[in-house]
Structures are given as C-alpha cells and as structure tokens.
Amino acid sequence: GTITVHVDEKIGMNKTRSRGILRLRVIKLPNPCLYLGYYRNGDTILLDDLMAKSYIQLKAKYEDLNFDVDEPQVISYNIIRSEAFQLPIEVQGGKLTDEAKEMLSKARRDEVIYIDNVKVLLPDERVVTLNATFPLK
C-alpha cells in the first residue's frame with residue numbers, strides 16, 4: 001500500500017502554507033527466520049558443535065531485506081528433543097535456560113531438536129508464532 005504525507009508550515013495564528021506532499025510505499029514485514037546459534041531453521045547441527053557451546057541463543061533474524069530495520073525479539077518458546085520422554089521445556093527470552101541446556105546435553109546423533117510456539121515481537125509491534133527443527137548429526 002501507500003501513504004501520503006502532507007507537510008504544512010504554520011505561518012500565523014490561524015494560517016498554514018503547504019510545503020509539499022510525500023507519497024511513501026508501505027509493506028508488511030515478513031516473518032523472520034529462526035536461528036539456534038548460527039544454525040538456521042532446518043540446518044543440521046553437528047552434535048560436537050552443540051556440546052562445545054556454553055552459550056547458545058535462539059534468535060529471529062531478517063534475511064534479504066533491502067532496508068534497515070530493528071531485529072525481532074524472541075519472547076518465549078518451547079524446546080524438546082525427539083527422543084526425550086518428557087514435556088517440552090518452556091523458555092522465556094532467547095537465551096537457553098540451564099534446564100534446556102541440561103536436556104540438550106543428553107542429545108544423541110540422529111535426534112531432532114524441536115522448537116515450537118516461538119513468540120517473536122516484530123519491529124512493527126506485531127507478535128508472530130513460529131516453529132523450527134534442527135536435526136542432529
């Protein structure tokens with residue numbers, strides 16, 4: 001869509017003068033991509049790489065935008081391994097909790113990490129829900 005901005009100058013108590021009209025194109029921001037560390041949603045994570053990281057964060061990032069915009073913020077999410085016989089772990093914010101790290105430390109090759117119900121706050125103040133999977137090798 002487009003918006004039209006009219007710029008007026010106040011030149012007296014009750015007088016204004018038009019200084020111009022500006023038409024701008026407006027687009028809705030797309031959903032961002034989810035990353036666990038530097039692995040993009042769907043990428044295969046090397047188990048040794050996962051175990052070597054003491055600090056891994058879930059982030060939402062935009063790709064291929066031709067303009068600058070603030071990064072989206074991860075509000076919360078659930079994380080579980082495919083072979084974990086337990087309830088998903090709820091995490092607030094993007095940083096993994098100690099409980100989530102403990103669960104991931106028990107991961108084995110050929111499992112899958114499922115991250116779902118990811119609430120992401122976009123720069124336009126919308127909240128979207130996303131999901132991600134990361135196979136382990």
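## Exercises on a predicted model

Strand 8 (residues 112–121) and strand 9 form an antiparallel pair with eight bridges. Strands pair if DSSP finds at least two bridges between them; strands (E, at least two residues) and helices (H or I, at least four) are DSSP runs, numbered from the N terminus. The model is predicted: local features need pLDDT of at least 70, side-chain atom pairs count only at pLDDT 80 or more, and totals for chains, interfaces and linings use all residues. Residues are numbered from 1 along each chain as its sequence is written, and side-chain values use heavy atoms, leaving out hydrogens and water.

**Exercise 1.** Classify Asn78 as buried or exposed.

*Solution.* Buried means under 20% relative accessible area, exposed over 50%, partly exposed in between (1.4 Å probe, protein chains only). Asn78 has 18%, so Asn78 is buried. Asn78 belongs to strand 6 (residues 73–81). Its contacts (heavy atoms within 4.5 Å) include Tyr114, Ile115 and Asp116, with residues up to four places away in sequence not counted.

**Exercise 2.** Locate the buried residues of helix 2 (residues 98–105).

*Solution.* They are Ala100, Met103 and Leu104. Their arc around the axis is only 95 degrees, so they lie on the same side of helix 2. The arc uses directions from the helix axis to the C-beta atoms. Asp98 and Glu99 are exposed on the other side.
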